[in-house]
Each structure stands twice: as C-alpha cells, then as structure tokens.
Amino acid sequence: MRFSAFDQAGITIHEALYYSIGSGFIIREGDESTPIADRTIPYPFGSAAQLLNLAEERGLSIWQIVFENEKASHNEGEIRDYVDRIWSTMCQCVARGFRAEGVLPGGLRVRRRAPALPRKLETEGEKDPLHAMDWVNVFAMAVNEENAAGGRMVTAPTNGAAGVVAAVAHYYWIFVEGASRDGLFWFFLTAAAIGILYKENASISGAEVGCQGEVGVACSMAAAGLVAALSGTNQQIEHAAEISMEHNLGMTCDPIGGLVQIPCIERNAMGAVKPINACRMAMRESGEHSASLDQAIKAMYESGKDMQTRHKETSSDGLATLNIIEC
Ligand code: SF4
C-alpha cells in the first residue's frame, strides 16, 4: 500500500510504501526488519516441552506463564483490558457478519451466507443434536465473510484464519455451561502461547507453509484455548493442540482468484469444528500421547518447506484452477 501526501498544488511531498509480508506483519520499503521491543520476561520458552517443564516446575498453568510474561511489559489491568478488547472485537465482527447481506467484493460473486443462517437455526430450535456445531460454522463464516469484505477482525493468527479462534471462543461462551470471563481469559492467553510456538519455530504464513500454517495453527490455538477454559491440565492442552495440527498437516493454500473467499470461508468453518473435537478427545485422556506438539510443529514446517510454491498462496493450483467465471 502506497501512502502519498500532496501539497495544495497537487505536488507529492511525501510517499511511503508498505508491504504486507504475511503473518500479520507489515514492513516499510527500505526497512530490513520490523523492530521488536527487547524485554526480559520471567518465563521464556522456546518449545512446548520447555513450556510444559516450566509450568510443572513452577506449578503454573500455561495461561499464568503467558500472563506473567506479559506483566513484564504491561500492568495487570492493561492486559485484562486488552484481552477484553480482543473478545469484544470478535463479538462485534460476528455481529456485523450476521447483519451484512449481499455479495462479497472481488468479482467471484460469492454470496454472504452468514446473515441467513442464524435465522434458520433459530427457527429450527435446539432439537438437532449438532445444533451447536451449526452455530460454530456460522460464527466462523461471519468472521471470514467480514474479512473478505475488508471488515475488522482479530488477526488470530492471521486474517484469513481469523474465524477459527473467534468461533471456538463463541462456542465456549454460548454453549458451555458455566462459561466465565475468567475462562475466556485463560482461553486467549493459552491460545497465544500456542501461537507463539508456531511463530517462533515454524511459520504462520500461508505463503510460506500453506494453509496448515494459517487455519491449521488457528485450530491448534483454539483447541488449546478451549481445554484451558474448561480447566484441563497443561498436558491436555498440549495434546489438544497437537491433535489439531496433526489433522491439518499438508493443507495447501489455493484461494480462487487470489481472494480470501473460496475455500477460505468454509475452511474456517471446518477448522472451527476440529478444535472442539480435539479438546474433547484430549480431555478424556491424561495427556499421554505418542506424537508431541513440538513434533507436530516441526512436521508442519518441514511439510510447508517441501510444498511446491504453487500450493502456497499463488492462486495457481488446486481449487484456484477451477474455472469460476468472474464478472
Ligand atoms: S487457503 Fe490460503 S488464503 Fe485461504 S485461509 Fe488458507 S492460507 Fe489463508
């Protein structure tokens, strides 16, 4: 995106060019990197194994480790306000997605489906045993239709995959008996810890590792967050995060026409269902399992590096080659 400032005679007095380089990061032309503030945190961790060990040694939950680390930069009130802001932004995004009718911009003529679905679900009532799953779908679709329309959502971990964490948080809030603000706080801080592991050890960029790094990581974050909100153990959190990634490995990025619409909107709905299932599976176990989250993260990154470039956000392969008429 180029920003230009003009004087009254229309002569350019300043220009700056910014690039979105994936994973929610932006750099300015000429800058080699985005500066990241140095800070000393009490509980640094570089892997899921370190995170679990640290938590075990100190008798802390994963969310508490993140909370203590965040306190190195912000006071407690600021952190809680920030998490509240994340949650309210997600809620506003879903609410807007439920209201906004019409066709998404870009030329594919994709109809916004989220507004009609809540009305149908409310009419049908709760007799269908998968009623909650229908709502999870529609929460995710509302967010990703908003994203496709240039609306505001929470990048979690990316905009294209923003529906997953938001939909699972809504599932917790609306369908889990006894859901609380504390539970949401644990949800988001735990999801953040898992997101950090992927960001630090692999990638959350579809252009670098395919959709497994976007929707796959979102699934892993949401699963971990949901286990935390349900007061699962740290081991169950790690297990749920691992299950969620394990079943997203190899997923390519092939948005039709370069628009984050097909398959992205439905992919978020499908992706939002997986973490709930992963959470349920993990919480029926003690946390012991064969493949670790660290191994799943490594497998994802290696698969992503091996993936041919055309499968990674080039819109030149897979679904993107379908002959859908633009008008
Ligand atoms: S297919 Fe590509 S653009 Fe669409 S959500 Fe996945 S990573 Fe993002």
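Predicted model: local features only at pLDDT ≥ 70, side-chain atom pairs only at ≥ 80, totals over all residues.
1. The domain assignment divides the protein chain into domain 1, covering residues 1-34, and domain 2, covering residues 45-320. Between the C-alpha centres of domain 1 and domain 2 the separation is 31 Å.

2. Two cis peptide bonds deserve a check in the coordinates. Pro157 is placed in the loop between α5 (131-148) and α6 (162-175). Another is the bond from Ile262 to Pro263, which is cis with omega near 10°. Pro263 belongs to the loop between α10 and α11, the latter helix spanning 264-283.

3. A further backbone point concerns Arg109. This residue is not a glycine, yet its phi is positive, at about 60°. Arg109 is found in the loop between α3 (76-99) and α4 (116-124).

4. The remaining points concern helix packing. Two packed helices are described by the angle between their axes and the distance between the axes. For helix α1 (residues 48-58) and helix α10 (residues 234-246), the angle is about 165° and the axes are 10 Å apart. Angles over 145 degrees count as roughly antiparallel, and α1 is therefore roughly antiparallel to α10. The crossing of these two helices, α1 and α10, is right-handed. On the α1 side the contact is made by Ala48, Leu52 and Ala55, and on the α10 side by Asn234, Gln235 and Glu238. Sorted by class, the residues of the contact of α1 with α10 are three nonpolar, two polar and one charged.

5. Helix α9 also packs against α10. Their axes come within 8 Å and cross at roughly 155°, which means that α9 is roughly antiparallel to α10. In passing α10, α9 makes a right-handed crossing. From α9, the contact is made by Gly216, Cys219, Ser220, Ala223, Ala224, Val227 and Ala228. From α10, the contact is made by Gln236, Ile237, Ala240, Ala241, Ile243, Ser244 and Met245. Ten nonpolar and four polar residues form the contact of α9 with α10, with no charged residues.

6. Helix α9 (residues 215-229) packs with α11 as well, at an angle of about 40° and with axes 8 Å apart. At this angle α9 is oblique to α11. The crossing of α9 past α11 is right-handed. The α9 residues that make the contact are Val215, Ala218, Cys219, Ala222, Ala223, Leu226 and Val227. Those of α11 are Arg267, Asn268, Gly271, Lys274, Pro275, Ile276, Ala278, Cys279, Ala282 and Met283. The class count for the contact of α9 with α11 is 13 nonpolar, two polar and two charged residues.

Conventions: Residues numbered from 1 in each chain as written. Domains from an automatic or database assignment. Axes fitted to C-alpha atoms, helices over the stretch in contact; angles between N-to-C directions. Helix = DSSP H or I, 4+ residues; strand = E, 2+ residues; numbered from the N terminus. Parallel < 35°, antiparallel > 145°, perpendicular 65-115°, else oblique. Left-handed = near helix turned anticlockwise from the far one by under 90°. Contact = placed C-beta atoms within 7 Å. Nonpolar A, V, L, I, M, F, W, Y, C, P; charged D, E, K, R; others polar.
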